[in-house]
Amino acid sequence: MRLGRNTKEILIKNMFLGVAALSILIILFIFIFLFKEAFPAFREMGLSLFTSDWSASQGKFGINAAVFGSVAVTGIAMLIAVPLGIGGAIFLSEISPPRLRVFLKPVIELLAGIPSIVYGFIGVTVFVPYLAKTFDMLSGYSLLTGGIILGIMALPTIVSISDDALKAVPREIKEASLALGASKWETIKLVTFPSAISGVTAGCIMGIGRAIGETMAVMLVVGSVMRIPSPSFDVFETGSTITALIAGQMGEAWGMHTSVLFATAVILFLIVALLSVASDLLQARVEKKFRGG
Amino acid sequence: MKPKDALSCWIIFLGSAMALIGFGSAAGSFYIGDALLRLLFVLLGISLLLLLPTSFRLAKQKRSFCWMVAFAAISFALAYLVPSAPPKVGLRDYSIDASLMKFMISSLALVITGPVAASAGFGPLFNFTKHAHQASAYCFLTIAILLILYPLGLIISEISVNGLPGITWEFLTQDVSKHGAEGGIFPALVGTILLIGLTALIALPLGIGCAIYLQEYAKRGRLVRVIRTAVNILQGTPSIVHGLFGLAVFVPLFGISLLSGALIMGFLTLPIVIRTSEEAIRSIPQEIREGSYALGATQWQTIRKVVLPPALPGVITGVVLGLGRAAGETAPIMFTAVYFMGARVPGSLLDPIQALPYHLLELTRYWGAYPVEQNAWATAFLLLAIVLGINAGGIILRERYRQEF
């Protein structure tokens with residue numbers, strides 16, 4: 001049978017539609033299957049998941065310590081990465097000589113690709129002994145160590161995206177500001193940066209998402225102890241994060257324990273998905289702003 | 001050079017030196033001593049005082065002058081306060097030793113005061129015009145980029161220096177033995193290569209298909225928006241979540257195997273392939289398509305014969321960048337595809353494999369317990385070289401491709 005030209009075209013179009021819809025399906029499948037595995041935990045434990053008491057052998061599964069650790073580690077990372085990253089992006093996009101930029105931009109992108117296990121390895125072999133010595137800590141494994149490593153890791157992402165946002169500001173706006181007699185720095189401070197602020201924020205949110213979801217680098221250096229340090233600001237203590245909890249315990253978990261770990265993964269997935277959508281909306285706003293819809 | 005300019009330059013120099021000393025003492029965890037610390041702050045305060053009369057005359061906005069008075073006062077205050085601060089302050093009761101607080105306080109004071117003082121020196125140097133702000137801002141931004149590149153450079157040089165000597169022919173071609181302390185990493189190397197090869201086979205058709213649909217068939221509309229959001233969420237999904245997904249779905253079907261790992265890695269790299277392919281297809285000028293339609297070609301013929309061939313290098317770039325990520329990921333495969341001990345070169349798709357990142361994870365866990373140092377550094381170096389090599393290839397391809405259009 002020979003298909004008509006139009007029938008064939010429609011078939012092909014629908015085939016591509018199917019392939020394109022696959023990414024929606026994957027996201028749905030991830031959520032459904034994680035939730036299916038996590039369901040017993042949600043049903044049995046309910047809100048008692050959110051307590052601070054974790055002891056897998058006694059069947060106590062309160063994940064607060066991991067959530068606290070994730071927030072603390074991400075917070076420290078952002079304290080390091082956001083100011084430095086934005087500064088670096090402004091340097092790269094506005095004041096570096098073009099020749100240096102042509103070299104630096106790909107280098108920073110390249111550095112964004114360093115695998116997280118390499119950061120974890122360097123964390124254990126270099127940072128942990130160094131911090132143990134500098135702060136005279138017992139072991140050097142701490143929330144602080146995790147935060148510092150994550151901060152370094154998040155830098156290239158934040159620089160790269162913020163740089164794109166700053167570059168997207170149309171030249172006419174900057175030139176108008178310069179023509180009015182503003183200095184280059186005044187233009188950056190009062191015109192370029194404010195115009196790019198939503199893109200820069202999107203970059204920072206993506207950095208936060210990457211930091212929260214990071215597993216290998218953090219797991220190896222935070223100590224993986226399910227306990228909220230007391231007092232809670234004592235970041236020199238060991239702790240754990242959601243990702244470290246999952247990766248560290250999934251291997252030997254069974255029954256309810258496994259289900260609880262899946263439940264934490266559901267929570268992690270929801271947090272990161274929300275951050276992705278937020279950063280997406282911000283970036284859409286940037287495009288609307290400069291491309292006139 | 002006027003005396004005022006010389007003095008300003010001196011303040012800038014002194015401030016930068018203080019910041020450097022602060023960093024140095026933090027990095028080396030030593031205290032520079034009461035006398036030296038006092039001397040630095042007093043010097044800074046006196047220099048600022050000496051500049052005050054000229055500054056008062058020059059500054060059009062008295063605000064900048066007030067700042068200089070404040071800075072001078074602050075440095076005298078610090079000269080008095082910091083060395084006499086009791087050594088046991090603050091976190092003593094917690095997990096950090098109090099006797100170390102002194103160097104921490106002093107280096108913090110130096111690192112903060114130094115740059116601020118230096119920026120104060122720019123005011124008189126540029127006669128308090130707007131260029132003063134510009135100069136000091138530029139200095140800070142330059143320092144920011146250096147601070148970004150420093151740790152990253154340190155990581156790479158540390159790994160190269162320690163890892164390169166361990167890369168020998170035996171290391172690359174022998175089996176793992178004694179918890180990785182002896183022997184080589186041959187199975188891990190082969191496993192990683194097989195894994196990324198199979199990942200490419202999965203991600204390439206799916207990624208290109210999705211990109212073609214988004215760019216050629218439907219450019220806007222609700223469905224397209226939903227697809228784009230899904231791709232973005234997929235890109236942000238933590239790799240450990242991918243790993244658990246694989247554990248829940250693929251491991252029951254295919255066991256802990258090369259196939260399970262490659263499927264997960266395919267999903268992981270899909271968003272990167274889609275994004276880069278979209279960019280490549282978008283860059284093909286509309287006129288070329290219209291020319292093809294004008295000759296009577298259908299949409300599919302146009303895509304296949306006119307749009308795809310010139311877009312192909314861009315698409316391949318996307319796949320290369322995606323594979324760069326897949327080669328380095330550990331979390332997605334740690335429950336779905338790998339064994340540390342006992343895994344050999346796989347005989348079929350359903351055999352478990354060994355992979356470089358997971359091998360490095362195990363060696364890091366054994367760090368200190370077994371003599372794995374040399375092999376661990378060498379593995380880290382090899383992994384870093386492979387991943388950065390793939391990424392560099394992708395970036396170079398892309399830059400070249402972008403220049404063409």
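1. Start with the angle classes for packed axes: under 35 degrees is roughly parallel, over 145 roughly antiparallel, 65 to 115 roughly perpendicular, and the rest oblique. The axes are lines fitted to C-alpha atoms, for helices over the stretch in contact, and the angles run from 0 to 180 degrees between N-to-C directions. Helices (H or I, at least four residues) and strands (E, at least two) are DSSP runs, numbered from the N terminus.

2. This is a predicted model, where local features need pLDDT of at least 70 and side-chain atom pairs count only at pLDDT 80 or more, while totals for chains, interfaces and linings use all residues. Residues are numbered from 1 along each chain as its sequence is written, and chains are lettered from A and ligands numbered from 1 in the order in which they are written.

3. Look at chain A. Helix α6 (residues 171-179) and helix α7 (residues 184-213) of chain A pack at about 160°, with axes 10 Å apart. The pair α6(A) and α7(A) is therefore roughly antiparallel.

4. Which residues of α6(A) and α7(A) make the contact? From α6(A) come A:Ile173, A:Lys174, A:Ser177 and A:Leu178; from α7(A) come A:Thr187, A:Val191, A:Thr192 and A:Ser195. Contact means C-beta atoms, placed from the backbone, within 7 Å. By class, this contact has three nonpolar, four polar and one charged residues. Nonpolar covers Ala, Val, Leu, Ile, Met, Phe, Trp, Tyr, Cys and Pro; charged covers Asp, Glu, Lys and Arg; the others, Gly among them, are polar.

5. Now the two chains together. Chain A and chain B each put 76 residues into their contact. On the side of chain A, helix α1 (residues 5-45) gives the most, with 18 residues. That side divides into 51 nonpolar, 13 polar and twelve charged residues.

6. Chain B has 14 helices and two strands. Its radius of gyration is 30 Å, well over the 22 Å of the globule rule for 405 residues, so chain B is more spread out than a compact globule. The radius is taken over C-alpha atoms, and the rule is 2.2 Å times the number of residues to the power 0.38. The C-alpha trace of chain B spans about 80 × 65 × 40 Å along its principal axes.

7. In chain B, helix α9 (residues 239-254) and helix α10 (residues 258-282) cross at roughly 140°, their axes coming within 9 Å. That makes α9(B) oblique to α10(B). This crossing is right-handed.

Key: Contact = placed C-beta atoms within 7 Å. Left-handed = near helix turned anticlockwise from the far one by under 90°.
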